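Open the structure in your viewer and keep the selection tool at hand. This tour goes stop by stop.

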Amino acid sequence: MTVDLYQTSLHYGAAYDELSADGVTPRPHWSHLMESLRTIGPEELGRRWSRAERRIRENGITYNIYSDPLGANRAWRIDIVPLLIAADEWRFIEAGIIQRAQLLSLLLEDLYGPQKLVEQGHFPAALLYANPAFLRPLVGVPVPAHSYLHMLAVDLARSPDGQWWVLADRTQAPSGSGYALENRTIVSDVLPDLFRTSNVLRLAPFFRAQREALTSLAQCDNPRIVLLTPGPLNETYFEHSYLARYLGFTLVEGADLTVRDRCVYLKTVDGLEQVHVILRRVDDSFCDPLELRSDSLLGIPGLVDAIVAGNVKVANALGSGVIETAAVMPFLPGLSRHLLGEELKLPSVATWWCGQEYALDWVLDHLDSVVVKPAFPSRGMEPIFGAELPHAEKRKFAEQLRAHPHEYVAQEQIALSTAPVWDNGRLNSRSVVLRTYVLNTGNGWLAIPGGLVRVAESAGSVVSMQRGGHSKDTWVLWDGPVDTFSMLHPRNEPVELRRVSRSVPSSVADNVFWLGRYAERAENIARLLRPMVSRVRRADEAELGCLLRLHSCLETRHSKLPRSKDRRPTSLELEHELISVMTDNKRSDSLSSTLVEVYRVGGNVRERLSSDMMHLLGQLRDSIKIEPDTPSLEYPALLSVCLGLLSAFSGMERENINRGQGWLIMTLGRRLERAIYLTRQLREITKPLAEQDWPLLECLLEVADSSMTYRTRYYTTLQPLAVLDVLMADETNPRSLDFQLSHLVDLYQKLPRHLPEDLQAMKTALALLRSFDLRKLNHPLPGAAPVAKEANGLSRLENFLKELERLLPSWSNNLSNRYFSHARTLPIAMGQ
């Protein structure tokens with residue numbers, strides 16, 4: 001069904017299942033919206049929505065779709081037309097979901113406590129003890145009063161007759177509330193006048209209550225509250241980052257936290273800080289690899305022990321996933337009467353747990369009209385629509401149900417109501433599911449007014465974000481005064497100025513450190529490759545020797561050059577090796593693999609980088625993609641493009657990032673990596689150079705982007721000591737070794753809790769470097785008369801560079817142990 005916005009009869013049938021009883025006119029609460037959309041017109045709506053889509057891209061609002069050919073970080077999709085819910089209808093929904101939250105919380109309290117419901121037959125023992133989500137280590141562990149569920153998410157759908165049904169309950173780590181908030185922000189900006197005149201209930205009071213509830217849960221002054229995320233690869237990672245900023249909490253991954261003396265601590269650059277409350281977005285069993293899933297890389301070893309000791313509160317409580325199954329639904333009406341003394345207000349869609357004999361028989365007799373799901377979702381299984389099964393498969397599946405009935409649950413297939421969606425100036429009909437939320441405030445339950453609406457991708461398709469669906473805002477049109485509180489600071493009130501940044505979590509510091517190292521590594525590889533790739537085809541024997549010495553500076557671990565000592569590699573073999581170093585994604589030491597790592601670690605801290613920087617990282621990742629028919633003559637140009645992008649990223653890093661701890665650690669990574677490559681290159685100059693080897697000097701100057709500096713001082717006369725002076729001892733050259741070491745000293749001593757031994761070793765290395773008098777080094781010039789100079793100066797310099805090349809990685813490791821993993825550090829001083 002499609003309706004054109006140009007039609008004057010827009011309102012007829014436009015609200016689809018939102019129609020009045022006559023089936024012709026929209027229900028009364030839709031009239032104002034439909035008339036407003038007609039007045040605005042499709043052209044103006046299109047312009048406004050273009051601005052909104054640009055905002056979505058610029059703010060990096062994403063929903064990660066696994067195995068998506070368009071990429072994991074797909075832009076969040078929002079429909080311009082909100083779903084409207086009238087005040088009386090919302091009162092019915094609100095009462096139903098609050099009652100449901102109370103009931104499920106009491107159920108969890110019993111299942112992890114006295115288990116009287118199982119004993120008295122109100123809840124099947126097989127549904128509890130066979131469930132992998134039932135966490136036995138948590139049985140009997142005291143939980144603060146009424147906090148088994150901090151938040152409950154309820155998926156609702158309305159049938160065409162207007163009846164609301166519960167499709168599912170999300171009790172472990174319910175997601176989507178942050179997307180609902182972002183949807184509201186965007187849609188209210190696109191339709192500001194309509195939003196203002198529609199008397200819509202605001203969302204901010206719900207999030208204020210959530211922040212206050214978590215703060216009171218800590219039961220201490222100035223608590224440290226963190227939001228635990230599985231990480232950037234999770235489909236809702238944007239929401240985790242968004243909510244953490246909005247609520248004022250620290251976003252952390254499992255590796256950011258550690259348990260010491262049965263307390264949980266946040267690892268930061270400033271040290272360990274105790275955590276009092278964890279708002280988790282990680283499923284139950286992944287939260288502690290010691291007590292729960294041993295293969296989990298997402299959790300915190302020892303977390304369960306800290307919970308048992310009462311030193312940290314987790315919301316939702318661990319183990320709440322035991323009732324996150326449709327198999328519980330058939331028992332809720334009876335449990336409501338038993339625990340609450342009242343009938344269930346909001347019915348679940350008709351559900352049968354096949355572990356009951358009569359339910360199994362009914363499902364087998366009506367397989368064409370149900371969808372079968374796993375009773376224990378953690379075991380994994382796609383829903384099976386009985387009507388879609390061929391006859392032979394249906395018979396086989398029936399046998400499977402009979403063999404393991406307690407592992408399956410069936411639900412009636414209901415026809416979902418539809419709502420209007422805006423698509424290129426037209427309204428179309430799509431099925432919708434509303435996910436709404438109930439919050440445990442500690443003093444009662446509070447429902448979010450509305451929630452997140454998920455919309456089917458096309459008519460008749462399944463409502464699923466992972467299958468390409470999109471979302472809507474929900475407007476509850478209230479019939480009384482509306483609380484206009486906002487978590488954002490009012491524009492007409494002054495703010496307290498502050499310049500002190502929050503503590504930097506260790507994982508963030510780790511990622512920005514390696515972002516600096518990988519970016520610098522990529523630049524060094526590209527700079528080394530460019531002169532080699534441009535010369536290798538026309539190289540004579542002498543120049544080939546120089547290129548091979550330059551190749552040794554890469555120290556590639558997966559070299560494809562022949563290892564025979566009897567002969568030197570040919571130009572063709574070296575060319576194939578260089579192309580491999582440049583483009584082979586299977587080589588961890590290749591340029592293309594390094595650029596992928598730059599993008600990966602940058603993506604891990606995307607919330608701390610500007611959209612321009614992330615866009616640039618995406619360009620870098622794709623900059624070295626060569627088609628099979630690309631001529632080799634184009635390779636230097638590709639490397640130049642790559643270097644241009646890396647230079648742009650360096651410029652943004654220097655000019656656009658505040659000089660806080662994050663920038664400090666990123667720059668330390670850069671200086672360490674550049675110093676490592678410089679020591680390798682300088683060692684090549686300390687080795688004896690025959691006259692035919694001196695083109696190597698020209699290449700080294702080109703690699704260090706110092707050719708112009710050299711020419712302005714020495715014109716075109718290439719001499720080793722002069723090159724050493726420019727690349728090693730020139731304090732003003734940002735690509736000299738002296739420059740790197742002096743900046744390492746300066747940056748490192750600004751870090752909190754730095755190791756005095758490492759700082760002293762860096763100062764000693766810098767002093768030793770400056771102690772070399774290049775004028776006294778014995779580097780013979782071809783055809784020149786011998787001059788009395790320091791006999792062992794070059795060998796002493798070479799030994800110094802070897803020692804420095806060994807020390808630089810050790811300083812990096814010590815820094816990682818000190819600030820990222822918080823392990824005991826074994827400092828290594830110069831000369832040890």
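Is arginine 568 buried, partly exposed or exposed? Select arginine 568 and show the surface. Arginine 568 is partly exposed, with a relative accessible area of 42%. Keep in mind that this is a predicted model.

**Stop 1: the partner of arginine 568**

Arginine 568 and glutamate 541 form a salt bridge, and their closest N and O atoms are 3.5 Å apart. Arginine 568 sits in the loop between helix 15 (541-552) and helix 16 (571-583), while glutamate 541 belongs to helix 15, so the pair ties together parts that are 27 residues apart in sequence. Glutamate 541 is exposed, at 58% relative accessible area.

**Stop 2: helix 14 against helix 15**

The crossing of helix 14 and helix 15 is left-handed.

Next, show the side chains at the contact. From helix 14, pick Leu528, Pro531, Met532 and Arg535. They meet Glu543, Leu547, Leu550 and His551 of helix 15. Colour these contact residues by type: five are nonpolar, one is polar and two are charged.

**Stop 3: glutamate 44 and two arginines**

Move to helix 2, residues 42-58. Select glutamate 44 there. Which side chains does glutamate 44 meet in salt bridges? One is arginine 47, at 2.9 Å from N to O. Another is arginine 48, at 3.0 Å from N to O.

Look along the helix to see the spacing. Arginine 47 and glutamate 44 are three residues apart in helix 2, so about one helical turn separates them. Glutamate 44 and arginine 48 are four residues apart in helix 2, about one turn of the helix.

Glutamate 44 is partly exposed, with a relative accessible area of 23%. Arginine 47 is partly exposed too, at 46%. Arginine 48 has a relative accessible area of 18%. Buried means under 20%, so arginine 48 counts as buried.

**Stop 4: a network**

Select Asp155, Arg170, Arg435 and Arg454 together. Salt bridges link these four residues in a network. Side chains of opposite charge can pair when their charged atoms come close.

To finish, show every salt bridge in the model. The structure holds 48 of them.

Key:
Residues numbered from 1 in each chain as written. Predicted model: local features only at pLDDT ≥ 70, side-chain atom pairs only at ≥ 80, totals over all residues. Heavy atoms only, no water. Buried < 20%, exposed > 50% of the residue type's maximum accessible area, 1.4 Å probe, protein only. Left-handed = near helix turned anticlockwise from the far one by under 90°. Contact = heavy atoms within 4.5 Å. Nonpolar A, V, L, I, M, F, W, Y, C, P; charged D, E, K, R; others polar.
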